[in-house]
Amino acid sequence: MRKPQIDYAAVFHALPGMVALLTPDLVYADANEDFLRLAGRTREQLLGRYIFDVFPENPNDPAAAGMRETRESMLRVVATGERDTMALLRYDIEDSERRGRWVEHFWSPVNAPVLGRDGRVVLIVHRVEEVTELIRARGGTGSDSSRARVLEAELYTRSRELQEVNERLRRAHAREREVALALQAAMLPAPTPVGHHRAAVRYRPAVGTLNVCGDWYDLVDLPGDRIAVAVGDVVGHGLEAAGVMGQLRSALSAAARVADGPARALEALGLYARHVDGAESTTVAKTFIDWGTHTLTYSSAGHPPPVLLHPDGTVTFLDRATDPPLGARPEHVPRPEASTSFTEGATLVLYTDGLIERRHEDIDTGLARLADSLVRHGEAGPEALADALLADLLPPTGTTDDTALVIIRL
(Lines give C-alpha, C1' and ligand atoms only; values in the text may rest on other atoms or scores of the structure.)
Protein backbone atom coordinates (compact mmCIF):
# COMPACT_ATOMS: atom_id res chain seq x y z
CA MET A 1 0.00 0.00 0.00
CA ARG A 2 1.37 3.38 -1.02
CA LYS A 3 2.22 5.70 1.86
CA PRO A 4 -0.01 8.79 1.72
CA GLN A 5 1.64 12.16 1.24
CA ILE A 6 0.87 14.30 4.28
CA ASP A 7 0.87 18.08 4.15
CA TYR A 8 2.10 18.74 7.68
CA ALA A 9 1.70 22.50 7.33
CA ALA A 10 -1.99 22.00 6.53
CA VAL A 11 -2.31 19.59 9.46
CA PHE A 12 -0.72 22.15 11.80
CA HIS A 13 -3.06 24.95 10.76
CA ALA A 14 -6.11 22.68 11.09
CA LEU A 15 -5.21 21.40 14.56
CA PRO A 16 -8.03 21.89 17.06
CA GLY A 17 -7.03 24.12 19.94
CA MET A 18 -4.58 26.98 20.14
CA VAL A 19 -1.04 26.08 19.03
CA ALA A 20 1.82 28.43 18.14
CA LEU A 21 5.48 27.91 17.24
CA LEU A 22 8.16 30.21 18.64
CA THR A 23 11.91 30.44 18.13
CA PRO A 24 14.28 30.02 21.12
CA ASP A 25 14.32 33.84 21.23
CA LEU A 26 10.54 33.72 21.87
CA VAL A 27 9.62 35.14 18.47
CA TYR A 28 6.51 33.83 16.72
CA ALA A 29 7.34 31.54 13.79
CA ASP A 30 3.79 30.30 13.08
CA ALA A 31 0.36 29.89 14.64
CA ASN A 32 -2.63 27.75 13.73
CA GLU A 33 -6.08 29.05 12.85
CA ASP A 34 -7.59 28.48 16.31
CA PHE A 35 -4.75 30.44 17.90
CA LEU A 36 -5.30 33.42 15.61
CA ARG A 37 -9.06 33.32 16.07
CA LEU A 38 -9.16 32.92 19.85
CA ALA A 39 -6.26 35.31 20.50
CA GLY A 40 -7.86 37.96 18.27
CA ARG A 41 -4.73 38.56 16.21
CA THR A 42 -3.90 38.25 12.53
CA ARG A 43 -0.98 36.28 11.20
CA GLU A 44 0.76 39.53 10.23
CA GLN A 45 0.44 40.79 13.80
CA LEU A 46 2.21 37.68 15.13
CA LEU A 47 4.86 36.33 12.80
CA GLY A 48 8.38 37.60 13.36
CA ARG A 49 7.46 39.46 16.54
CA TYR A 50 8.50 38.90 20.15
CA ILE A 51 5.70 37.23 22.09
CA PHE A 52 5.41 39.90 24.78
CA ASP A 53 5.40 42.72 22.25
CA VAL A 54 2.30 41.11 20.76
CA PHE A 55 0.79 40.25 24.15
CA PRO A 56 2.09 42.69 26.79
CA GLU A 57 1.02 42.26 30.39
CA ASN A 58 -1.99 44.14 31.73
CA PRO A 59 -0.49 47.31 33.30
CA ASN A 60 -3.64 47.80 35.39
CA ASP A 61 -3.15 44.55 37.31
CA PRO A 62 -0.44 45.03 40.01
CA ALA A 63 -0.46 41.29 40.80
CA ALA A 64 0.06 40.21 37.19
CA ALA A 65 2.76 37.55 36.85
CA GLY A 66 1.72 35.81 33.64
CA MET A 67 4.47 37.30 31.48
CA ARG A 68 7.28 36.33 33.87
CA GLU A 69 5.93 32.81 34.38
CA THR A 70 5.39 32.22 30.67
CA ARG A 71 8.85 33.51 29.77
CA GLU A 72 10.53 31.38 32.45
CA SER A 73 8.65 28.28 31.30
CA MET A 74 9.71 28.79 27.69
CA LEU A 75 13.32 29.46 28.62
CA ARG A 76 13.36 26.27 30.71
CA VAL A 77 12.26 24.37 27.62
CA VAL A 78 15.11 25.92 25.62
CA ALA A 79 17.65 25.20 28.36
CA THR A 80 16.61 21.63 29.22
CA GLY A 81 15.05 20.36 25.99
CA GLU A 82 12.12 19.06 28.05
CA ARG A 83 8.39 19.77 28.11
CA ASP A 84 7.15 22.26 30.71
CA THR A 85 3.54 22.25 31.88
CA MET A 86 2.42 25.44 33.58
CA ALA A 87 -0.15 25.92 36.30
CA LEU A 88 -3.46 27.57 35.46
CA LEU A 89 -2.61 31.11 34.43
CA ARG A 90 -4.43 34.43 34.26
CA TYR A 91 -3.16 36.54 31.37
CA ASP A 92 -5.37 39.38 30.18
CA ILE A 93 -5.32 40.37 26.51
CA GLU A 94 -5.72 43.87 25.16
CA ASP A 95 -8.68 44.25 22.80
CA SER A 96 -7.20 44.55 19.31
CA GLU A 97 -9.98 46.98 18.29
CA ARG A 98 -10.07 49.09 21.47
CA ARG A 99 -6.64 50.07 22.75
CA GLY A 100 -6.45 50.33 26.53
CA ARG A 101 -9.31 47.89 27.08
CA TRP A 102 -8.10 44.68 28.69
CA VAL A 103 -10.16 41.49 28.58
CA GLU A 104 -9.79 38.96 31.38
CA HIS A 105 -8.54 35.53 30.23
CA PHE A 106 -7.54 32.30 31.94
CA TRP A 107 -5.25 29.79 30.21
CA SER A 108 -3.84 26.29 30.67
CA PRO A 109 -0.47 26.34 28.83
CA VAL A 110 2.04 23.66 27.87
CA ASN A 111 5.39 24.38 26.23
CA ALA A 112 7.32 21.64 24.43
CA PRO A 113 10.62 21.51 22.49
CA VAL A 114 11.26 20.69 18.85
CA LEU A 115 14.83 19.40 18.59
CA GLY A 116 17.14 19.71 15.62
CA ARG A 117 19.46 16.94 14.46
CA ASP A 118 22.18 18.24 16.77
CA GLY A 119 19.88 17.89 19.80
CA ARG A 120 19.39 21.62 20.23
CA VAL A 121 15.99 23.23 20.63
CA VAL A 122 15.04 24.89 17.35
CA LEU A 123 11.37 25.66 18.09
CA ILE A 124 9.00 25.85 21.05
CA VAL A 125 5.52 24.42 20.65
CA HIS A 126 3.24 26.66 22.72
CA ARG A 127 -0.16 25.03 23.22
CA VAL A 128 -2.76 26.81 25.30
CA GLU A 129 -6.29 25.93 26.21
CA GLU A 130 -8.48 28.87 27.10
CA VAL A 131 -10.55 28.10 30.20
CA THR A 132 -11.99 31.56 30.83
CA GLU A 133 -15.58 30.45 30.48
CA LEU A 134 -14.97 27.47 32.72
CA ILE A 135 -13.49 29.67 35.40
CA ARG A 136 -16.35 32.10 35.19
CA ALA A 137 -18.76 29.16 35.28
CA ARG A 138 -21.09 30.88 32.84
CA GLY A 139 -24.06 29.04 31.50
CA GLY A 140 -25.13 27.58 34.85
CA THR A 141 -28.14 28.67 36.90
CA GLY A 142 -28.96 28.91 40.57
CA SER A 143 -27.03 26.84 43.06
CA ASP A 144 -25.28 24.79 40.36
CA SER A 145 -23.73 27.96 38.95
CA SER A 146 -22.67 29.15 42.41
CA ARG A 147 -21.15 25.78 43.26
CA ALA A 148 -19.25 25.73 39.95
CA ARG A 149 -17.86 29.18 40.66
CA VAL A 150 -16.67 28.05 44.09
CA LEU A 151 -15.05 24.90 42.75
CA GLU A 152 -13.29 26.64 39.89
CA ALA A 153 -12.16 29.48 42.13
CA GLU A 154 -10.68 26.89 44.49
CA LEU A 155 -8.98 25.16 41.57
CA TYR A 156 -7.48 28.43 40.43
CA THR A 157 -6.32 29.31 43.95
CA ARG A 158 -4.66 25.93 44.40
CA SER A 159 -2.90 26.17 41.05
CA ARG A 160 -1.57 29.62 41.95
CA GLU A 161 -0.32 28.25 45.26
CA LEU A 162 1.41 25.43 43.39
CA GLN A 163 3.05 27.94 41.07
CA GLU A 164 4.27 29.98 44.05
CA VAL A 165 5.67 26.87 45.77
CA ASN A 166 7.49 25.91 42.57
CA GLU A 167 8.91 29.41 42.33
CA ARG A 168 10.21 29.24 45.90
CA LEU A 169 11.79 25.87 45.15
CA ARG A 170 13.49 27.29 42.06
CA ARG A 171 14.91 30.17 44.09
CA ALA A 172 16.15 27.75 46.76
CA HIS A 173 17.78 25.56 44.11
CA ALA A 174 19.37 28.65 42.56
CA ARG A 175 20.90 29.62 45.91
CA GLU A 176 22.18 26.07 46.45
CA ARG A 177 23.65 26.10 42.95
CA GLU A 178 25.55 29.34 43.65
CA VAL A 179 27.04 27.86 46.83
CA ALA A 180 27.89 24.58 45.08
CA LEU A 181 29.58 26.38 42.20
CA ALA A 182 31.61 28.47 44.63
CA LEU A 183 32.69 25.28 46.39
CA GLN A 184 33.48 23.71 43.02
CA ALA A 185 35.63 26.68 42.00
CA ALA A 186 37.54 26.51 45.28
CA MET A 187 38.30 22.82 44.74
CA LEU A 188 39.16 23.14 41.04
CA PRO A 189 41.82 25.86 40.90
CA ALA A 190 43.84 26.58 37.80
CA PRO A 191 46.48 23.82 37.46
CA THR A 192 50.09 24.48 38.31
CA PRO A 193 52.51 24.39 35.34
CA VAL A 194 53.36 20.88 34.15
CA GLY A 195 57.04 21.50 33.49
CA HIS A 196 57.64 22.89 30.01
CA HIS A 197 54.51 21.16 28.66
CA ARG A 198 51.39 23.06 27.72
CA ALA A 199 47.99 22.20 29.24
CA ALA A 200 44.51 23.72 29.36
CA VAL A 201 41.58 22.94 31.64
CA ARG A 202 37.93 23.94 31.44
CA TYR A 203 34.84 23.48 33.60
CA ARG A 204 31.34 24.35 32.38
CA PRO A 205 28.45 24.02 34.85
CA ALA A 206 25.12 22.62 33.78
CA VAL A 207 22.12 24.82 33.09
CA GLY A 208 19.89 24.91 36.18
CA THR A 209 20.58 22.61 39.10
CA LEU A 210 20.39 19.16 37.53
CA ASN A 211 23.68 17.22 37.73
CA VAL A 212 25.74 20.32 38.50
CA CYS A 213 29.00 20.17 40.45
CA GLY A 214 29.86 16.46 40.17
CA ASP A 215 32.67 16.71 37.60
CA TRP A 216 36.34 17.32 38.35
CA TYR A 217 39.82 17.30 36.87
CA ASP A 218 43.27 16.92 38.44
CA LEU A 219 46.92 17.18 37.33
CA VAL A 220 49.72 15.87 39.55
CA ASP A 221 53.49 16.28 39.04
CA LEU A 222 55.39 13.00 39.47
CA PRO A 223 59.14 12.30 39.83
CA GLY A 224 61.00 12.57 36.56
CA ASP A 225 59.44 14.05 33.46
CA ARG A 226 56.03 12.58 34.32
CA ILE A 227 52.56 13.75 35.34
CA ALA A 228 49.28 12.06 36.26
CA VAL A 229 46.04 13.51 34.91
CA ALA A 230 42.48 12.54 35.75
CA VAL A 231 38.87 13.51 35.13
CA GLY A 232 35.91 12.19 37.09
CA ASP A 233 32.13 12.43 37.37
CA VAL A 234 30.13 11.98 40.57
CA VAL A 235 26.50 10.93 40.26
CA GLY A 236 24.18 13.51 41.81
CA HIS A 237 23.91 17.26 41.96
CA GLY A 238 24.32 20.31 44.13
CA LEU A 239 26.22 20.58 47.39
CA GLU A 240 26.24 16.85 48.08
CA ALA A 241 27.87 16.05 44.73
CA ALA A 242 30.36 18.90 45.15
CA GLY A 243 31.37 17.57 48.58
CA VAL A 244 31.81 14.00 47.33
CA MET A 245 33.75 15.30 44.35
CA GLY A 246 36.18 17.12 46.63
CA GLN A 247 36.83 14.01 48.73
CA LEU A 248 37.41 11.74 45.73
CA ARG A 249 39.58 14.24 43.89
CA SER A 250 41.85 14.69 46.94
CA ALA A 251 42.04 10.93 47.55
CA LEU A 252 42.97 10.16 43.94
CA SER A 253 45.51 12.96 43.86
CA ALA A 254 47.21 11.46 46.91
CA ALA A 255 47.01 7.90 45.56
CA ALA A 256 48.62 8.94 42.26
CA ARG A 257 51.72 10.13 44.11
CA VAL A 258 52.42 6.72 45.65
CA ALA A 259 50.85 4.20 43.23
CA ASP A 260 52.98 2.60 40.53
CA GLY A 261 50.36 3.24 37.85
CA PRO A 262 46.83 4.46 37.14
CA ALA A 263 45.18 1.08 37.80
CA ARG A 264 46.63 0.89 41.32
CA ALA A 265 45.59 4.50 41.95
CA LEU A 266 42.01 3.69 40.92
CA GLU A 267 42.01 0.56 43.07
CA ALA A 268 42.96 2.67 46.10
CA LEU A 269 40.27 5.20 45.20
CA GLY A 270 37.69 2.44 44.88
CA LEU A 271 38.47 1.13 48.37
CA TYR A 272 38.22 4.65 49.78
CA ALA A 273 34.96 5.35 47.91
CA ARG A 274 33.24 2.46 49.69
CA HIS A 275 33.26 4.58 52.84
CA VAL A 276 32.02 7.82 51.22
CA ASP A 277 28.25 8.24 50.98
CA GLY A 278 27.27 9.24 47.47
CA ALA A 279 30.50 8.01 45.84
CA GLU A 280 28.98 4.85 44.33
CA SER A 281 28.80 4.74 40.52
CA THR A 282 31.38 7.54 40.17
CA THR A 283 33.32 7.26 36.90
CA VAL A 284 37.00 8.20 36.55
CA ALA A 285 39.66 8.11 33.83
CA LYS A 286 43.28 8.18 34.99
CA THR A 287 46.36 8.56 32.77
CA PHE A 288 50.07 8.64 33.58
CA ILE A 289 52.21 10.51 31.03
CA ASP A 290 55.92 9.69 30.80
CA TRP A 291 57.83 12.01 28.47
CA GLY A 292 61.06 10.10 29.09
CA THR A 293 59.68 6.96 27.41
CA HIS A 294 56.97 8.73 25.36
CA THR A 295 54.37 6.42 26.92
CA LEU A 296 50.79 6.89 28.09
CA THR A 297 49.54 4.42 30.70
CA TYR A 298 45.84 4.58 31.47
CA SER A 299 42.92 2.98 33.26
CA SER A 300 39.22 3.82 33.31
CA ALA A 301 36.50 3.18 35.87
CA GLY A 302 33.43 3.31 33.62
CA HIS A 303 34.43 6.66 32.13
CA PRO A 304 34.37 7.79 28.47
CA PRO A 305 37.76 7.01 26.90
CA PRO A 306 40.53 9.62 26.70
CA VAL A 307 41.47 10.65 23.17
CA LEU A 308 44.93 10.83 21.61
CA LEU A 309 45.25 13.09 18.57
CA HIS A 310 48.38 12.18 16.63
CA PRO A 311 50.43 14.79 14.72
CA ASP A 312 49.30 13.25 11.42
CA GLY A 313 45.66 14.04 12.28
CA THR A 314 44.54 10.52 13.17
CA VAL A 315 42.60 9.92 16.38
CA THR A 316 42.87 7.03 18.85
CA PHE A 317 40.41 6.41 21.67
CA LEU A 318 42.19 4.91 24.69
CA ASP A 319 39.59 2.23 25.44
CA ARG A 320 41.64 -0.94 26.14
CA ALA A 321 41.49 -0.68 29.94
CA THR A 322 37.88 0.03 30.88
CA ASP A 323 36.27 -1.40 34.01
CA PRO A 324 33.00 -0.70 35.89
CA PRO A 325 32.53 2.53 37.90
CA LEU A 326 33.54 2.84 41.54
CA GLY A 327 31.51 0.66 43.89
CA ALA A 328 29.94 -1.37 41.07
CA ARG A 329 31.46 -4.68 42.25
CA PRO A 330 30.73 -6.21 45.66
CA GLU A 331 34.32 -7.48 45.97
CA HIS A 332 37.63 -5.78 45.29
CA VAL A 333 39.39 -6.98 42.13
CA PRO A 334 42.43 -5.55 40.32
CA ARG A 335 41.65 -2.98 37.64
CA PRO A 336 42.99 -3.23 34.09
CA GLU A 337 45.72 -1.01 32.72
CA ALA A 338 47.01 -0.39 29.18
CA SER A 339 49.86 1.56 27.62
CA THR A 340 50.45 3.21 24.27
CA SER A 341 53.28 5.24 22.82
CA PHE A 342 53.03 8.80 21.57
CA THR A 343 55.12 11.08 19.42
CA GLU A 344 56.07 14.63 20.24
CA GLY A 345 53.36 17.08 19.18
CA ALA A 346 50.46 14.73 19.88
CA THR A 347 47.54 15.95 21.99
CA LEU A 348 45.83 14.14 24.86
CA VAL A 349 42.22 15.00 25.71
CA LEU A 350 40.33 13.88 28.82
CA TYR A 351 36.71 14.94 29.37
CA THR A 352 33.47 14.09 31.13
CA ASP A 353 30.29 12.87 29.45
CA GLY A 354 28.66 16.31 29.37
CA LEU A 355 30.90 17.07 26.39
CA ILE A 356 29.65 14.22 24.21
CA GLU A 357 26.37 12.76 25.46
CA ARG A 358 23.02 14.05 24.22
CA ARG A 359 19.50 12.89 24.98
CA HIS A 360 18.11 10.39 22.41
CA GLU A 361 21.54 9.97 20.78
CA ASP A 362 23.95 7.04 20.74
CA ILE A 363 27.23 7.76 22.53
CA ASP A 364 29.18 6.76 19.41
CA THR A 365 27.68 9.77 17.65
CA GLY A 366 29.06 12.07 20.33
CA LEU A 367 32.48 10.41 20.18
CA ALA A 368 32.56 10.80 16.40
CA ARG A 369 31.63 14.47 16.79
CA LEU A 370 34.52 14.92 19.25
CA ALA A 371 36.99 13.21 16.92
CA ASP A 372 35.89 15.35 13.97
CA SER A 373 36.28 18.56 15.98
CA LEU A 374 39.75 17.49 17.16
CA VAL A 375 40.90 16.84 13.61
CA ARG A 376 39.59 20.21 12.40
CA HIS A 377 41.17 22.21 15.22
CA GLY A 378 44.11 19.94 16.09
CA GLU A 379 46.84 22.40 15.11
CA ALA A 380 45.62 24.95 17.67
CA GLY A 381 47.32 25.25 21.03
CA PRO A 382 45.69 23.70 24.12
CA GLU A 383 43.89 26.89 25.20
CA ALA A 384 42.47 27.63 21.75
CA LEU A 385 41.64 23.96 21.20
CA ALA A 386 39.73 23.79 24.49
CA ASP A 387 37.62 26.78 23.49
CA ALA A 388 37.01 25.34 20.02
CA LEU A 389 35.85 21.97 21.39
CA LEU A 390 33.42 23.60 23.81
CA ALA A 391 32.06 25.84 21.04
CA ASP A 392 31.62 22.89 18.67
CA LEU A 393 30.21 20.33 21.09
CA LEU A 394 28.16 22.21 23.69
CA PRO A 395 24.80 23.77 22.73
CA PRO A 396 24.87 27.57 23.04
CA THR A 397 22.05 27.35 25.59
CA GLY A 398 24.06 24.93 27.74
CA THR A 399 23.37 21.32 28.75
CA THR A 400 21.75 19.57 31.69
CA ASP A 401 25.08 18.01 32.67
CA ASP A 402 28.29 19.76 33.66
CA THR A 403 31.50 19.32 31.68
CA ALA A 404 35.16 19.04 32.66
CA LEU A 405 37.89 19.09 30.01
CA VAL A 406 41.70 18.67 30.13
CA ILE A 407 43.96 19.09 27.07
CA ILE A 408 47.71 18.42 27.15
CA ARG A 409 50.16 18.93 24.27
CA LEU A 410 52.56 15.99 24.48
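Predicted model: local features only at pLDDT ≥ 70, side-chain atom pairs only at ≥ 80, totals over all residues.
**Helices and strands, by question**

Biologist: In what order do the five strands of the open sheet come?
Modeller: Strands of a sheet pair through backbone hydrogen bonds, either parallel or antiparallel. Here the pairing is antiparallel. Read across the open sheet, the order is E9-E19-E18-E14-E15.

Biologist: Which strands are the edge strands?
Modeller: An edge strand in this sheet pairs on one side only. That applies to the strand of residues 198–204 and to the strand of residues 315–317. From one strand to the next, the twist averages 15°. The edge strands are E9 and E15.

Biologist: What is the bridge partner of Leu309 in E15?
Modeller: Strand E14 consists of residues 307–309. E14 and E15 pair in the antiparallel sense, over three bridges. On the E15 side, the partner of Leu309 is Val315.

Biologist: Why does the span of helix H5 agree with what its 15 residues should give?
Modeller: Helix H5 runs over residues 66–80. The expected span is 1.5 Å times one less than the number of residues, so H5 should reach 21 Å. The two agree because the end C-alpha atoms of H5 are apart by 21 Å.

Biologist: Which residue with a positive phi follows H5?
Modeller: Several residues of H5 are buried, among them Gly66, Met74 and Val78. After H5 comes a residue whose phi is near 70°. This residue is Gly81.

Biologist: How many residues does helix H9 have?
Modeller: H9 takes in residues 262–273, and Pro262, Leu266, Leu269 and Ala273 are among its buried residues. An α-helix has 3.6 residues a turn, so residues three or four places apart point the same way. From first C-alpha to last, H9 reaches 16 Å, close to the expected 16 Å. Its number of residues is 12.

Biologist: What percentage of the residues of the protein chain count as buried?
Modeller: The protein chain has 11 helices and 19 strands. A residue is buried when its relative accessible area is under 20%. Of the 410 residues, the buried share is 46%.

Notes. Residues numbered from 1 in each chain as written. Heavy atoms only, no water. Pairing = 2+ DSSP bridges. Helix = DSSP H or I, 4+ residues; strand = E, 2+ residues; numbered from the N terminus. Axes fitted to C-alpha atoms, helices over the stretch in contact; angles between N-to-C directions. Buried < 20%, exposed > 50% of the residue type's maximum accessible area, 1.4 Å probe, protein only.
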